[in-house]
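Colleague: I'd like to learn how to read charged pairs in a model like this one. Could you walk me through it?

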Amino acid sequence: MPLDLPPDEAATLRRGDGPAVQIDLIQTMIFHAAVAALRLGVFGALERGPRELGALAGELAVDEANLRALLRLLVTGGYLAEGPDGYERTPAGAWLAGPDDGFGAVLDFWHSLIGELWQGLEETVRTGRPQRDFYAWLQERPDVLTRFQGIQLRIAEWVEKEVLELAALPGEPARLLDLGGGHARYSLAYCRSHPGLSATVLDLPEALEPGRAAVEAEGLTGRFAFVPGDLRTAELPGGQDVVLLFNVLHGFPALTARTLVGRAVGALRPGGRLILMETLTDPVGSVLEEGFTRGFDLNLIHTQGGRLHPVETIAGWMVEAGCSPPARHDLTRSATLSLLVADREG
Ligand SMILES: C[S@@+](CC[C@H](N)C(=O)[O-])C[C@H]1O[C@@H](n2cnc3c(N)ncnc32)[C@H](O)[C@@H]1O
């Protein structure tokens, strides 16, 4: 939550009469404090109503004096307020419950990622080479991996209906290949609406578990194959009616991303359809979306050697690989996601 500076203090910093970077320093402290509170269960406890300090410390089994210091910073940060019955969540704090719920999971994930992997950012910029390996790090952090997968799943749940409307499948397709499809939510949605369709989901081994579980829960195991592998090198099953390449290209540098588009198109039968989803480099209409997207781009560059590729560039790669010029559909349920849909020619 932005510090609620009185206008005269804000004006002083805007004029440059004081170091405005102080705000970022304090916000960073608040960010850490908010995640600590999440992990201690502060927001979860206050979800059930206000609490006096002593009662809250007892309930959470934490040191009362230190809890007070944490809560006071979160009051300044706008997440908590002190009311007649003790500490309570503000509307900003009401977005947070626990580290595994809703936006709390998002905050917890980014806290781990930035806290552990953003060191050495200057070296990435200096050398042009990523200093970290996001997916190798995730493999060693099963708790963070679960949160990362949960975030992808929730985004998919939010947009899948619109995706199916905007990117319909031609005729009666029989074979779909979902590259980097992990949780399999999109493949499942397409299979549900096309009874004759079977899907192959290819992803890193540890990413496939949530997909397997979801497919089993729907009783569709017979129509799914889960293939562990690296999508840069794995042999891809050919003759596909549909290939999905959703939110994968941004994990790779341009040359690799371009090759992946070629591989995806190569797996299609002539007339088959490539459906691609990516994050826009410049979402319009929201400073919040713009800020997050720029931070996301820098994160990809530093932790994966990836980056956000302009959709126009990706569209060019699709045509170069043998597709018709793709149709572009920006999602309305997300200010940052866009679909490119094109058929393999020939
Ligand atoms: C951002 S997630 C997108 C997941 C899903 N397609 C979606 O749109 O919600 C990227 C996916 O690509 C997978 N991935 C990343 N690098 C990969 C690689 N080298 N080989 C196979 N899968 C990879 C990840 O495991 C992850 O499931």
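Colleague: Which residues are linked in a network of salt bridges?

Modeller: The general idea first: side chains of opposite charge can pair when their charged atoms come close. Here a salt bridge is a side-chain nitrogen of Lys or Arg within 4 Å of a carboxyl oxygen of Asp or Glu. By that rule, Arg39, Asp100, Asp108 and Arg147 are joined in a network.

Colleague: What should I keep in mind about the numbers?

Modeller: This is a predicted model, so local features need pLDDT of at least 70 and side-chain atom pairs count only at pLDDT 80 or more, while totals for chains, interfaces and linings use all residues. Residues are numbered from 1 along each chain as its sequence is written, and side-chain values use heavy atoms, with hydrogens and water left out.

Colleague: How many salt bridges does the structure hold?

Modeller: There are 21 salt bridges. Let's look at a few.

Colleague: Which side chain meets arginine 185 in a salt bridge of 3.6 Å, N to O?

Modeller: That's glutamate 157. Arginine 185 sits in helix 10 (residues 185-193) and glutamate 157 in helix 9 (residues 142-166), so the pair links distant parts of the chain, 28 residues apart. Helices (H or I, at least four residues) and strands (E, at least two) are DSSP runs, numbered from the N terminus.

Arginine 185 also forms a salt bridge with glutamate 160, where the closest N and O atoms are 2.9 Å apart. This pair again runs from helix 10 to helix 9, so it ties together parts that are 25 residues apart in sequence.

Colleague: Is glutamate 160 buried or exposed?

Modeller: Buried means under 20% relative accessible area, exposed over 50%, and partly exposed in between (1.4 Å probe, protein chains only). Glutamate 160 has 12% relative accessibility, so it counts as buried. Arginine 185, at 22%, is partly exposed, and glutamate 157, at 38%, is partly exposed too.
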